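This briefing covers one chain, grouped by topic. Please read it with the sequence and model side by side.

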Amino acid sequence: MYKALIVVLIAVVTAAVSAASRNPLRAEAHIPGATLRIEVQQPIADEKAAEIIEWLRSASSNVSLAYGRFPSPSARIIVIPSGRRSWGGDSPVPFGRVTRDGEEKIELFVNPDRPIQEFYADWTATHEFSHLMLPYVRPRHKWISEGFASYYQNILMARAGHYTAREAWQKLYAGFERGRLSRPELSPNEAAAAGIRKARMKIYWSGAAIALLADIELRERSGGRESLDVALDRLQRCCLPSKRSWSGPTLFAKLDSLVDIPVFMPLYRQYADAAGFPDIRPALQRLGVIIENNSVSVMPHAELADLRVKITDGHARL
Ligand SMILES: [Zn+2]
């Protein structure tokens, strides 16, 4: 079903190079829910810049696979050539960030020497675009914004066909392990207060674990009518883009107001100030995500196997 949707998305995506000026190259990408303004800074060869614009249309469409449209109607995307390989080794997109200063802007630092196929396999742009599904969350609750984006980067790459479902679960599991082993003495809120440099993996992956637990509970309790996709769809309709900064509890209380029975604040109360790492092993077991020697297998007949398939296929409602 998601493949049919991708075909539709590709059909409606059009981009027009509005100015072929040397510096920078500008283009627009029309995707469901948004007209994205793309700016490719120089020096990047024209041919590679055109390939990068094409890739950005695809990567932004990945995020439309959460609830059928891009979350920010007129975001700007700035592509910046970077020779700073120390940021990300040989990665085609070593670094990205979202800034919100009156408009929503995504900066992607790219290594234009890498082949374009590597850009399609890279998760950085999908992660950054996923941030736009939430408003700006205050730094002391940064595990929510980084965690939700880390969860979605994996399931959206699977929905778009860039990862197999097993690969997505393998990457999620590997992330949960990095988070579990990182700063176990800290709670997610304490890790966020310590900062990204001191507790990166704890911040990213404790938040991703809580996103997964919320998604499972919403889907299971509603028989598939609700999900994290549905909650974020409703959040976008009511409240995004938002110019203010949100605290974690304010955001979670708002999300709870958009679903049948509160899920988010109960998870916040359970985990946000608790040291250690959310125990996601029972949830993975029920999903049929089985781990042996750090290698993931997915079981077709597990208790929540259907729910698991919907997470990586998407569009339970569509
Ligand atoms: Zn991020």
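Two strands pair if DSSP finds at least two bridges between them. Helices (H or I, at least four residues) and strands (E, at least two) are DSSP runs, numbered from the N terminus. This is a predicted model, in which local features need pLDDT of at least 70, side-chain atom pairs count only at pLDDT 80 or more, and totals for chains, interfaces and linings use all residues. Residues are numbered from 1 along each chain as its sequence is written.

**Overall make-up**

- The chain has 13 helices and eight strands.
- Of its 318 residues, 44% count as buried; a residue is buried if 20 or more other C-beta atoms lie within 10 Å of its own, exposed if 12 or fewer, and partly exposed in between, with C-beta atoms placed from the backbone.
- Two residues are in contact if their C-beta atoms, placed from the backbone, lie within 7 Å. Among contacts between residues at least 6 apart in sequence, 63% join residues at least 24 apart.

- Strand β2 (residues 25–31) and strand β3 (residues 34–40) pair in the antiparallel sense over seven bridges, and Ala27 stands opposite Ile38 in β3.
- The covered face of β2 carries Leu25, Ala27, Ala29 and Ile31, while Arg26, Glu28 and His30 form the uncovered one.
- Two residues lie between the strands of this hairpin, where Gly33 takes a positive phi near 90°.

**Strand β6 and its neighbours**

- Five of the seven residues of β6 are buried, so the strand is largely enclosed by the rest of the structure.
- Strand β4 (residues 76–81) runs parallel to β6 and is joined to it by six bridges; Ile78 has Glu107 in β6 as its bridge partner.
- β5 runs antiparallel to β6, also with six bridges, and Val98 has Ile106 in β6 as its bridge partner.
- The hairpin of β5 and β6 has three residues between the strands, and Gly102 there takes a positive phi near 95°.

**Helix α4 and its packing**

- Eight of the eight residues of helix α4 (residues 124–131) are buried, among them His127, Glu128 and His131.
- These buried residues pack against α2 (46–67), β5 (95–100), β6 (104–110) and α5 (142–159).
- The axes of α2 and α4 come within 9 Å and cross at roughly 50°. That angle makes α2 oblique to α4, because angles under 35 degrees count as roughly parallel, over 145 as roughly antiparallel, 65 to 115 as roughly perpendicular and the rest as oblique. Axes are lines fitted to C-alpha atoms, for helices over the stretch in contact, and angles run from 0 to 180 degrees between N-to-C directions.
- Leu56, Ala59, Ser60, Asn62 and Val63 in α2 meet Ala125, Thr126, Phe129 and Ser130 in α4. By class, this contact has five nonpolar, four polar and no charged residues; Ala, Val, Leu, Ile, Met, Phe, Trp, Tyr, Cys and Pro count as nonpolar, Asp, Glu, Lys and Arg as charged, and the others, Gly among them, as polar.

**Helices α10 and α11**

- The axes of helix α10 (residues 248–257) and helix α11 (residues 264–271) come within 7 Å and cross at roughly 145°.
- On the α10 side, Gly248, Pro249, Phe252, Ala253, Leu255 and Asp256 meet Phe264, Met265 and Tyr268 in α11. The residues of this contact divide into seven nonpolar, one polar and one charged.

**Gly276**

- Gly276 lies in the loop between α11 and α12 (281–287) and is exposed, with 12 other C-beta atoms within 10 Å.
- Gly276 and Arg183 are 93 residues apart in sequence and 8.0 Å apart in space, C-alpha to C-alpha.
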